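Reader: I am new to this structure and would like to go through it in questions and answers. Please show it first.

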Amino acid sequence: MKNRYSKFIVALVIMLNVAFTGAVLFLFLRTGSEPTTLIGCWFGFTTVELWTLAGITKEKLKGGGEP
């Protein structure tokens, strides 16, 4: 069950990143400017979330638990 949760979170983050990228491209086409700070913060946040999830899974596997 826990493994499904991890896969769901990874898929959700990928879908949110695709949606965010599409929204930023649309915004850029409409206004001609890009929200550089927002882009950096968004992808920084999602990267840390995925690295943290990978670290938790790695520790569970190392401890002999189920992922």
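Reader: Is Phe45 buried, partly exposed or exposed?
Author: This is a predicted model, in which local features need pLDDT of at least 70, side-chain atom pairs count only at pLDDT 80 or more, and totals for chains, interfaces and linings use all residues. Residues are numbered from 1 along each chain as its sequence is written, and side-chain values use heavy atoms, with hydrogens and water left out. Buried means under 20% relative accessible area, exposed over 50%, and partly exposed in between, with a 1.4 Å probe and protein chains only. Phe45 has a relative accessible area of 48%, so Phe45 is partly exposed.

Reader: How many aromatic pairs are there?
Author: Rings of Phe, Tyr and Trp (its six-membered ring) pair if their centres lie within 6.5 Å; planes under 30 degrees apart count as stacked, over 60 as edge-to-face and the rest as tilted. By this rule the number of aromatic pairs is three.

Reader: Is Trp42 buried, partly exposed or exposed?
Author: Phe20 has a relative accessible area of 14%, so Phe20 is buried. Trp42 has 23% relative accessibility, and therefore counts as partly exposed.

Reader: What kind of pair do Trp42 and Phe45 form?
Author: Trp42 and Phe45 are three residues apart in helix H2, so about one helical turn separates them. An α-helix has 3.6 residues a turn, so residues three or four places apart point the same way. The rings of Trp42 and Phe45 are 6.5 Å centre to centre with 50° between the planes, and the pair is tilted.

Reader: Which residues make up the cluster linked by ring pairs?
Author: Trp42 pairs with Phe45 and also stacks with Phe20. The cluster linked by ring pairs consists of Phe20, Trp42, Phe43 and Phe45.

Reader: What does helix H2 reach from its first C-alpha to its last?
Author: Helix H2 covers residues 36-62, which is 27 residues. The expected span of a helix is 1.5 Å times one less than its number of residues. For H2 the expected value is 39 Å, and the helix is close to it, reaching 39 Å.

Reader: Which residues does Ser6 contact, leaving aside its neighbours within four places in sequence?
Author: Ser6 is in helix H1, residues 2-31. Ser6 has 14% relative accessibility, so Ser6 counts as buried. Contact means heavy atoms within 4.5 Å. With those neighbours left aside, Ser6 is in contact with Leu53 and Thr57.

Reader: What is the radius of gyration of the protein chain?
Author: The protein chain has two helices and zero strands. The radius of gyration is taken over C-alpha atoms, and the globule rule is 2.2 Å times the number of residues to the power 0.38. For 67 residues that rule gives 11 Å, and the chain is well over this, so it is more spread out than a compact globule, with a radius of gyration of 16 Å.

Key: Helix = DSSP H or I, 4+ residues; strand = E, 2+ residues; numbered from the N terminus.
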